[in-house]
Amino acid sequence: MKQSNRSFPSMTADFGLKTDPRSDLPLYRQIATQLAERIREGTLPPGFRLPPTRKLAAELGTHRNTIVAAFEQLTASGSLVSVVGRGTFVADAPAPRPVPALEPTSFPWSSVLSRATEAVSLQLADRLRRRVAHAPGRDLVNLQRMEPSPDLQPADDLRRCIAHAFKTEGPAALGYAPRAGLPRLRAAISEDLARRGVPVPAEGLLVTTGSQQALDLIARVLIEPGDTMLVQNATYTGAIHVLAAAGARLVGVADDEEGPEMEALERLGRAGAKGLYVMPTGQNPTGRTISAARREALVGWSRRFGIPLIEDDFAADLDLDDTAAPPALRALDSQVLHIGTFSKRLSPALRIGYVAFPGALQDHLTALKHAMDLGSSLLLQHALAEFLERGLLRGHLRRILPEYRARRDALERGLHKHLPPGLQWSRAQRGVVTWIELPAEIDAEEAFSRALDLGVLVSPDALFTVHGQQRGLRLTFCAEPPRRIALGTQRLGEALHACLRVRQRGGTALTVV
């Protein structure tokens with residue numbers, strides 16, 4: 001390292017270095033972090049010689065080994081360099097590499113895109129147009145976001161579990177994961193499923209990068225372009241995208257009060273299909289739950305026609321009224337493909353889901369999973385396994401369920417108070433969504449736009465329907481606190497009243513059947 005000839009003052013504690021023994025961050029990391037900040041901002045320029053470790057330790061009232069550890073961390077990161085016999089210096093900043101200026105060129109990408117990719121991209125762009133991010137300076141109440149607010153995510157517990165994984169596993173935690181997933185995590189998920197009455201052995205589980213990948217794997221294993229896949233008329237947007245991307249021809253199935261209509265399924269079953277995708281509990285977007293009797297009927301239908309059932313249990317454990325959901329489809333038949341996730345119960349950032357598979361699909365799903373990504377994050381799998389093994393999930397659920405219930409209740413109170421008379425919605429007994437049925441006099445796209453103008457973000461029916469058979473708006477209550485939800489319902493009520501006034505001026509009155 002070429003040393004600067006400039007003369008710098010010696011560094012003392014007056015440079016603002018402070019330590020807090022009460023912090024969870026080790027003292028050496030507190031010091032290293034502060035030094036790194038001063039190097040980045042130029043307070044400690046390249047070539048600056050730091051004081052000896054003993055002197056700095058005395059000035060900060062800490063042990064010399066603490067300063068040594070901080071210096072070692074910064075040396076390893078390239079921020080400091082040690083010269084034998086001379087001391088420790090701030091390293092020179094690396095010279096930036098020249099970036100070549102490229103001339104604009106063109107390439108005939110449209111001629112090489114697959115037909116499936118092009119069609120799905122256009123469809124996705126149209127759907128995402130209705131998902132609006134928070135604009136700077138706008139106070140949008142978000143009744144569209146499908147994730148827990150930060151205060152409902154177990155940040156401290158997860159941080160401790162990640163730290164424990166590093167402490168116990170060391171660098172091995174940063175390697176590739178076993179193909180089917182970390183064995184201890186699969187065992188922990190198996191125990192968690194057993195607690196909910198779903199008997200799946202650990203070897204019958206595949207850990208995935210979120211439940212979205214689980215569904216993608218199933219689609220790739222089952223579907224040839226042009227194959228029919230059955231879904232509920234209103235269903236999860238992500239499922240529509242994944243199944244369409246696999247080349248499936250999606251056919252919607254109408255629902256009655258208990259679930260998918262069996263008469264329609266009998267007719268569709270005779271025509272054949274590669275599978276029926278359902279969210280039996282707290283369905284997204286309607287919030288409804290398929291009855292126990294209808295679940296048994298679906299299992300019988302699947303066996304009779306040889307059409308697989310794909311069960312997405314995204315709302316597991318989110319029972320808002322202290323009544324357990326009916327038995328899972330997988331609890332009724334071991335041939336059901338059962339998908340689960342920890343996104344709504346814990347945090348979407350974990351990106352850990354799973355699929356419980358029939359034995360005949362084990363090799364196909366595992367090999368395809370490995371080919372796609374070489375395995376989900378091993379570090380996060382260790383952390384989640386630790387979280388489950390410590391029993392932290394049960395305590396976390398005891399904390400968040402009352403809050404979800406309070407948010408659901410705030411939403412319902414606001415809807416009763418502010419919505420036009422006659423409109424109906426489903427009460428969310430489970431999960432995190434509520435569905436408002438819209439009459440013919442109110443267009444969902446118009447309602448979405450007017451609500452957005454008034455400062456509340458909702459989801460129109462076009463996001464969730466295959467062929468536009470369902471009319472309504474989806475509202476979520478997991479991302480905003482009760483007072484904000486109340487404000488959102490007031491704004492939504494104003495938007496819907498405005499939609500009706502426009503219709504009435506044109507000679508149309510509101511009629512709700």
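**A walk from the surface to a buried aspartate**

Start by selecting Phe107: this residue is exposed, with a relative accessible area of 51%. Keep in mind as you click around that this is a predicted model. Phe107 sits in the loop that runs between β2 (87-90) and α4 (115-128). Together with Phe107 they make up a nonpolar patch on the surface, and the accessible area of the three comes to about 370 Å².

Next, jump to strand β8 (residues 309-312) and pick Asp312, which belongs to that strand. Is Asp312 buried or exposed? With a relative accessible area of 3%, Asp312 is buried, because the cut-off for buried is under 20%.

Show the side chain of Asp312 and look for its partners. One is the side chain of Tyr277, with a polar contact at 2.7 Å. The Asp312 side chain also reaches the backbone nitrogen of Phe314, at 3.3 Å.

Now widen the view around Asp312. Beyond its neighbours within four places in sequence, its contacts are Tyr236, Tyr277, Val278, Met279, Pro280 and Ile339. Select His338 too: it is 26 residues from Asp312 in sequence, yet their C-alpha atoms are 6.2 Å apart in space.

Last stop, the cysteines. Select Cys161, which is buried at 0% relative accessibility, and then Cys478, also buried, at 1%. How many disulfides does a search of the whole structure find? The search comes back with 0. For reference, a disulfide is a covalent bond joining the sulfur atoms of two cysteines.

Terms used. Residues numbered from 1 in each chain as written. Predicted model: local features only at pLDDT ≥ 70, side-chain atom pairs only at ≥ 80, totals over all residues. Heavy atoms only, no water. Patch = residues over 30% accessible without salt bridge, like charges linked within 9 Å, V, L, I, M, F, W, Y side chains within 5 Å. Areas by Shrake-Rupley, 256 points an atom, 1.4 Å probe, with all protein chains shown as cover. Salt bridge = Lys/Arg side-chain N within 4 Å of Asp/Glu carboxyl O. Helix = DSSP H or I, 4+ residues; strand = E, 2+ residues; numbered from the N terminus. Buried < 20%, exposed > 50% of the residue type's maximum accessible area, 1.4 Å probe, protein only. Contact = heavy atoms within 4.5 Å. Polar contact = N/O pair within 3.5 Å; in protein donor to acceptor, adjacent residues only side chain to side chain. Disulfide = S-S within 2.5 Å.
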